[in-house]
Amino acid sequence: MESAMHRFRVRRQDQPGSAPHPSEPAAEWRQEFPYVWSEDEVVTRRDTLYFLLAGSGALCLATGTLALIGKLSEGSPRKMVPVARVGELAENRWKVFAYPDEYAQGILIHLPGKGLVAYSDVCTHLSCAVTYQPESQRLYCPCHEGLFDAATGNVLAGPPTRPLPVIELEEHQGTIYAVRMVLR
């Protein structure tokens with residue numbers, strides 16, 4: 001037992017045949033880049049893991065809060081804005097109107113055989129204004145040649161990947177009102 005303990009004894013630096021201490025070759029760069037080696041464990045792995053978990057939890061909480069706020073705002077009272085009188089638009093004609101405020105616009109179209117439909121007139125690609133093409137019954141974005149179906153608002157061609165937001169309409173006493181925008 002004594003001989004086994006003797007075999008595992010650590011050699012000292014000053015003993016012949018001992019390996020050089022790892023700090024000896026690095027002495028030159030330590031003078032150029034002084035670093036207090038006693039503070040090497042200032043940030044531990046446990047501290048790093050705690051930081052990562054706390055940061056992930058905070059991001060998750062913020063995302064959930066924003067999603068909840070978005071859902072609550074959908075249930076807010078509808079804003080009714082008059083956009084046209086009944087019979088004002090002839091079949092296959094269109095009209096641009098401000099909705100939900102003066103900074104955003106919608107497009108009201110009287111489609112043959114379908115009646116009145118309304119969409120946001122902002123292209124879902126890069127926010128250019130779309131126009132109605134009566135001969136093909138499509139909405140056209142002139143900026144990047146985007147096409148949307150006027151009956152559904154779905155993308156037919158071009159770079160847009162999302163359909164146009166629908167603006168719901170209601171009729172009250174001969175006036176057509178835009179009541180809510182539905183993002184799709």
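What is the relative accessibility of Glu88, and does that count as buried, partly exposed or exposed?

Modeller: Happy to, and please keep in mind that this is a predicted model. Glu88 has a relative accessibility of 41%, so it counts as partly exposed. Its side chain meets that of Lys95 in a salt bridge, with 3.0 Å from N to O. Lys95 is partly exposed too, at a relative accessible area of 24%. As background, side chains of opposite charge can pair when their charged atoms come close.

The structure holds two salt bridges. In the other pair, the side chains of Glu168 and Arg180 meet at 3.1 Å, N to O. This pair links distant parts of the chain, since Glu168 belongs to strand 9 (residues 166–172) and Arg180 to strand 10 (residues 175–182), 12 residues apart. Glu168 is partly exposed, with 27% relative accessibility, and Arg180 is also partly exposed, with 32%.

Asp121 is buried yet has no salt bridge, and Lys95, its nearest side chain of opposite charge, is 13 Å away. A salt bridge needs a nitrogen within 4 Å of a carboxyl oxygen, so the 13 Å to Lys95 is over that cut-off. Asp121 sits in the loop between strand 4 (115–120) and strand 5 (131–133). Leaving out residues up to four places away in sequence, Asp121 touches Val96, Gln105, Gly106, Ile107, Cys128, Ala129 and Val130.

In the largest nonpolar core, which has 14 residues, Val130 joins Ile109, Tyr132 and Leu139 as the residues that touch the most other members. Strand 3 (105–111), strand 4 and strand 6 (138–141) are the elements that give two or more residues to this core. Strand 3 gives the most, with three residues. A second, separate core has 11 residues, including Ala84, Leu89, Ala118 and Ile167.

Met181 lies in strand 10 and is partly exposed, at 29% relative accessibility. Beyond its neighbours within four places in sequence, Met181 is in contact with Tyr99, Pro100, Ser120, Pro165, Val166 and Ile167. Met181 and Val166 are 15 residues apart in sequence, while their C-alpha atoms are 5.7 Å apart.

Of the 184 residues, 23% are buried. The chain exposes about 13500 Å², with 59% of that supplied by carbon and sulfur atoms. Among contacts between residues at least 6 apart in sequence, 38% join residues at least 24 apart.

Technical notes. Residues are numbered from 1 along each chain as its sequence is written. This is a predicted model: local features need pLDDT of at least 70, side-chain atom pairs count only at pLDDT 80 or more; totals for chains, interfaces and linings use all residues. Side-chain values use heavy atoms; hydrogens and water are left out. Helices (H or I, at least four residues) and strands (E, at least two) are DSSP runs, numbered from the N terminus. Buried means under 20% relative accessible area, exposed over 50%, partly exposed in between (1.4 Å probe, protein chains only). Lys and Arg count as positive and Asp and Glu as negative; His and the chain ends are not counted. Contact means heavy atoms within 4.5 Å. Accessible areas come from the Shrake-Rupley method with a 1.4 Å probe; for residues, only the protein chains shown count as cover. A nonpolar core is a set of buried Ala, Val, Leu, Ile, Met, Phe, Trp, Tyr and Cys residues joined through side-chain atoms within 4.5 Å.
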